[in-house]
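Start with the display below. Keep it in view while you read, and find each part as it is named.

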Amino acid sequence: MTDLRTSPVNGGDLFSERARQYALEKPLQRIHVLEAGCGWGTGLDLGDRDRDVTGVDLESPELRAYTCERPDLDAWHLGDLRTVPLPPRAFDIVHASYLIERVPHAELVLDRFVAALKPGGLLLVHLRDRDTAFGFLDRTLPGWLRASGRRRLRPGRAPADDRPRRARGAHARVPQPAGEGGAAGIAPLGTGQAPAGEAPPAAPRPVPVVRTSPPPAIYDRVASRSGLRWYCVMRGLVVAEEYTSRQALEALGAGTGLADLLCRLVSAVTRGRLTADHSEVTFVIRKPENRFARVI
């Protein structure tokens, strides 16, 4: 198990790199990905590998609006993560960034993700550590002092996977009927002309990027470095890699801002029990092929 301060992958996209490495081990297999927390942030970049991506997240108008505009999702479900439909052993990779700390009953939610993961699959988790000075301040200070530390989409920037996809499942969009943009009211492709008596169709407008704030963090006990380690031991999961980072602190101006000063003060008052050295932790976790395998 590695214990480094920063990720060894250039650009910090550790999860996409590990997902591509996993896909190389399955050369003739479609990769099934569960994007846990699909209403915020971006997904994995698997290059040209054939994949099927399902998104799940909490239910809120902001998260729903963002999820609706994601072109990389084949299907998605929003609601109580303890009850959303997740077939057992269906996914090769579960990607959960900034989700575990903001959901209630996080341990039960993790159990559902692990049950939905195939033997040998990857659980990729990135979360804000509750057992840090930043985690303490994030759950006690007013909202205007909080920072998510989460990577956001910039206006005009598409997710890593920009292939056109057709939504499927319970939340698939219904095609427009003929006469309202359907097949009967559109000229054949390649003609460049509108039907007789109609104005030329307007050029398609770019889809606006929805910028939202994530729901407030709840910080269940498992939403910490030590809590997730304990969870993996109790569930027989193997922690392949583990890293800490200061993304949230750097977003607030680490070393110069009020938040950094408060974090150092909290760390001093607690005699280092709540550290100010990091704010987030990253785990690459593998589900053993054999459920009776021992964790070494």
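## Disulfides and buried cysteines

A search of the whole structure turns up 0 disulfides. The model is a predicted one. Cysteine 232 has 2% relative accessibility, so it counts as buried, the cut-off being under 20%. Cysteine 263 also has a relative accessible area of 2%, and it is buried too.

## The chain as a whole

The protein chain has 296 residues, and buried residues make up 46% of them. Its secondary structure comes to 7 helices and 8 strands.

How much of the contact in the chain links residues 24 or more positions apart? Take the contacts with a separation of 6 or more: such residues account for 75% of them.

Strand 3 covers residues 51-57. Are its residues mostly covered or mostly open? They are mostly covered, with 7 of 7 buried. Look at both faces of this strand. On one side sit Arg51, Val53, Gly55 and Asp57, and all are buried.

Now turn to the pairing. Strand 2, residues 31-36, pairs with strand 3 in the parallel sense over 6 bridges. Between strand 3 and strand 4 the chain passes through helix 2, residues 61-68. This β-α-β crossover is right-handed.

## Strand 2 and strand 5

Strand 2 is mostly covered, with 5 of its 6 residues buried. It pairs with strand 5 as well, in the parallel sense, over 4 bridges. Which residue in strand 5 is the bridge partner of valine 33? It is isoleucine 93.

Begin with helix 2. Its residues Leu63, Tyr66 and Thr67 are buried. An α-helix has 3.6 residues a turn, so residues three or four places apart point the same way. What covers the buried residues of helix 2 includes strand 3 and strand 4.

Next comes helix 3. Here Ala106, Val109, Leu110, Phe113, Val114 and Ala116 are buried. Seen down the axis, the buried residues of helix 3 fall within an arc of 165°, so they line one face of the helix. They pack against strand 2, strand 3, strand 5, strand 6 and helix 5.

## The nonpolar cores

The largest nonpolar core holds 35 residues. Which of them touch the most other members? They are Leu81, Ile100, Phe113 and Leu228. Several elements give two or more residues to this core: strand 2, strand 5 (91-97), helix 3 (106-116), strand 6 (117-128), helix 5 (225-235) and strand 8 (280-286). The largest share, 6 residues, comes from helix 3.

Leaving out residues up to four places away in sequence, leucine 81 touches Val56, Asp57, Leu58, Leu99, Val103, Val109, Arg112 and Phe113. A second, separate core has 19 residues. Its members include Leu14, Leu44, Leu46 and Tyr243.

## Glycine 135

Find glycine 135 in helix 4, residues 133-140. Is glycine 135 buried or exposed? Its relative accessibility is 0%, so glycine 135 counts as buried.

What does glycine 135 touch? Not counting residues up to four places away in sequence, glycine 135 touches Asp129, Arg130 and Tyr219. Glycine 135 and alanine 248 are 113 residues apart along the chain. Their C-alpha atoms are separated by 9.8 Å.

Technical notes:
Residues numbered from 1 in each chain as written. Predicted model: local features only at pLDDT ≥ 70, side-chain atom pairs only at ≥ 80, totals over all residues. Heavy atoms only, no water. Buried < 20%, exposed > 50% of the residue type's maximum accessible area, 1.4 Å probe, protein only. Pairing = 2+ DSSP bridges. Right-handed = clockwise from strand over helix to strand, strands pointing away. Contact = heavy atoms within 4.5 Å. Core = buried A, V, L, I, M, F, W, Y, C linked by side-chain atoms within 4.5 Å. Disulfide = S-S within 2.5 Å. Arc of directions from axis to C-beta.
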